[in-house]
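Please find below a set of numbered notes on the model, written for a reader who wants the cut-offs stated beside the values. The sequence and structure come first, and the points follow.

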Amino acid sequence: IDQGKAKEELGDFQGAIKDLNDLNKIKPTAVSYFSIAKLEIKQGNSQNALSALNKAIKLKSTLPGAHFNRGLIKHSLGDYKGAISDFNKEIEINPRESSTYVSRGISKQLLNDYEGVISDCTKAIELGYKNADCFLARAVARTKLGDTENAIKDYNDAIKLNPNRSLPYSNRGKIFLSIGKINQALSDFNKAIEIDPKSLYAYANRAIIKSDSKDYQGAITDLNLAIGINPDFAALYHNRGNIKKAIGDYNGALNDFNKAIELAPKYELSYRIRGFTKFEIKDYQGSVYDLKKAIELNPQSESTYRMLAITQEILGDYSEALFSINKAIEINPNDYDYYYLRGVIKTGLKDTRGACLDYGKASKLGDKEASEIFNENCT
C-alpha cells in the first residue's frame with residue numbers, strides 16, 4: 001500500500017494501480033479497489049473506475065464515498081437514474097454531506113424533476129453548502145416551475161458567491177425580459193457578455209430587446225455574433241430572418257429561413273414565416289407549399305390556416321381556401337376576421353347567401369367593414 005501511495009505522489013498512477021491490483025490478488029479489499037477507482041478517475045478512465053467501484057461496493061456496500069463517486073461517473077455517462085440511485089445510497093450512509101445532495105439535484109435537473117432539484121439544493125444549503133452551483137441549479141428549477149421571484153433571489157445569491165460567472169447574469173436577464181423589466185434585462189445581458197464574450201444566449205436575448213426597440217441593425221449584429229459562436233443553432237437564423245423581414249430585406253430573410261430549415265427540418269415556425277415572406281414577394285405557390293408544410297408540423301396553428309386561405313383565394317383556389325379558413329374557424333370560432341375572409345371566399349364561389357351569413361357573423365363579432373358590406377348587399 002505504501003509503495004502504491006509513493007508512486008501516486010510521483011504521478012505514476014499506472015504503477016500505483018498495478019501495486020494495488022497485486023495486493024488485491026493476495027487479499028482483495030474494498031478500500032484498495034476504491035483507491036484504484038480514484039486513480040482511474042484522475043486519469044479520466046471512467047469505465048475502469050466504474051469497474052473498480054463496483055468491486056469495492058460488492059465487498060463493502062457501506063464504504064463512505066464509493067456510491068458518491070460511482071454516482072458521479074454514472075452521471076457523466078448519462079445514466080442519471082443510476083446516478084440518483086447511488087446518491088441515495090450515499091445519503092443513507094452519510095446524510096450530512098451537502099455535496100451529495102447537490103450532485104443528486106443536478107442529476108434530477110436533467111430528468112426534469114424540478115421539485116427534486118429544489119428540495120436537494122435547499123437541503124445542501126441548509127447543511128452549509130456555499131457554492132454558486134447550488135443556487136444556480138435551484139434558480140433554473142424555480143424558473144421552470146414559474147417561480148420567477150424566488151429564482152431571481154437565487155440568481156442574486158449565485159452572483160454574490162461568484163460575480164465573475166456569466167450564466168447567472170444571462171439567466172436572470174432572461175427572467176427580467178419575460179416580466180417586462182427591460183432595463184434590468186439589458187444590464188444583465190451586457191454584464192454576461194462583458195464577463196464572457198462568447199455568451200451566446202446573452203447576445204440572442206439582447207437582440208430581442210434591440211429588435212423590440214427598432215434597433216434592427218444592432219439586433220442583427222448581436223445575432224451575427226451569436227451565430228459566430230454556434231453556427232449550427234437554427235433559432236438564431238430564424239430570429240435574424242424575422243428581423244430582416246421586418247426591415248424589408250426579403251431575400252436576406254429567405255436565406256436565413258432556408259438555413260434554419262436546413263439545420264432543423266421540422267422547424268414549423270420557420271416554414272410558416274418563410275411562407276409569410278414568400279407571400280410578401282408574391283411567390284404565392286411557394287407560400288402555399290411552406291404553409292402546408294407548417295400545418296403538417298403543427299395542425300393547430302390558426303394563423304397558418306388563415307394565411308393559407310388568403311393565398312389560395314388570391315390564386316383563385318376557392319374550394320381549397322374555404323377548407324383552410326374552415327379549419328381556422330374550428331380552432332378559433334370567435335375571430336371576426338375569419339368569418340369576413342370566409343365571406344370573401346364564398347363570394348368567389350358565387351355562394352351569395354353563405355357569404356352574407358358570414359358577413360353577418362363577422363358584424364356581430366365587431367367587424368365594422370363586414371357590417372357595411374352586409375348592410376349594402378345582404379339586406
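1. A disulfide, taken here as a pair of cysteine sulfur atoms within 2.5 Å, joins Cys356 to Cys378, with an S to S distance of 2.0 Å. The count by this rule comes to 1 disulfide. The angle about the S-S bond is -80 degrees, which makes the link of Cys356 and Cys378 left-handed. The two partners belong to distant parts of the chain, 22 residues apart, with Cys356 in helix α22 and Cys378 in the segment after α23 (368-377); helices are DSSP runs of H or I with at least four residues, numbered from the N terminus. Cys356 counts as buried at 14% relative accessibility, whereas Cys378, at 22%, is partly exposed; the classes are buried under 20% relative accessible area, exposed over 50%, and partly exposed in between, with a 1.4 Å probe and protein chains only.

2. On provenance, this is a predicted model, in which local features need pLDDT of at least 70 and side-chain atom pairs count only at pLDDT 80 or more, while totals for chains, interfaces and linings use all residues. Residues are numbered from 1 along each chain as its sequence is written, and side-chain values use heavy atoms, with hydrogens and water left out.

3. Cys121 is in no disulfide, and its nearest cysteine sulfur, that of Cys134, is 3.4 Å away. Cys134 is likewise in no disulfide. Cys121 is buried at 0% relative accessibility, and Cys134 is buried with a relative accessible area of 0%.

4. Which residues touch the most other members of the largest nonpolar core? They are Ala185, Phe189 and Leu236, in a core of 31 residues, where a nonpolar core is a set of buried Ala, Val, Leu, Ile, Met, Phe, Trp, Tyr and Cys residues joined through side-chain atoms within 4.5 Å. At least two residues of this core come from each of α9 (132-144), α10 (148-161), α11 (166-178), α12 (182-195), α13 (200-212), α14 (216-229) and α15 (234-246). The largest share, 6 residues, is supplied by α13. Apart from this core lies another, of 27 residues, which includes Leu291, Met307, Ile310 and Ile325.

5. For Phe189, the contacts (heavy atoms within 4.5 Å) beyond residues up to four places away in sequence are Ser170, Gly173, Lys174, Leu177, Ala202, Asn205, Arg206 and Ile209.

6. Helix α19 (residues 302-314) has 13 residues and reaches 19 Å from its first C-alpha to its last, close to the expected 18 Å, a span given by 1.5 Å times one less than the number of residues. Its buried residues are Thr304, Tyr305, Met307, Leu308, Ala309, Ile310, Thr311 and Gln312, and their cover includes α17 (268-280), α18 (284-297), α20 (318-331) and α21 (336-348). Just after α19, Gly316 takes a positive phi of about 80 degrees.

7. Lys214, in the loop between α13 and α14, has phi near 65 degrees, and Lys214 is exposed, with a relative accessible area of 61%. Lys350 lies in the loop between α21 and α22 (352-364); its phi is near 65 degrees, and at 73% relative accessibility Lys350 counts as exposed.

8. Is His67 buried or exposed? At 4% relative accessibility, His67 counts as buried, and it is found in helix α5 (residues 66-76). Leaving aside neighbours within four places in sequence, His67 is in contact with Ile57, Ser61, Asp86, Lys89, Glu90 and Ile93.

9. Ile273 lies in helix α17 and counts as buried at 12% relative accessibility. Not counting residues up to four places away in sequence, Ile273 touches His238, Asn242, Lys245 and Phe257. Ile273 and Gly173 are 100 residues apart in sequence, and their C-alpha atoms are 27 Å apart in space.
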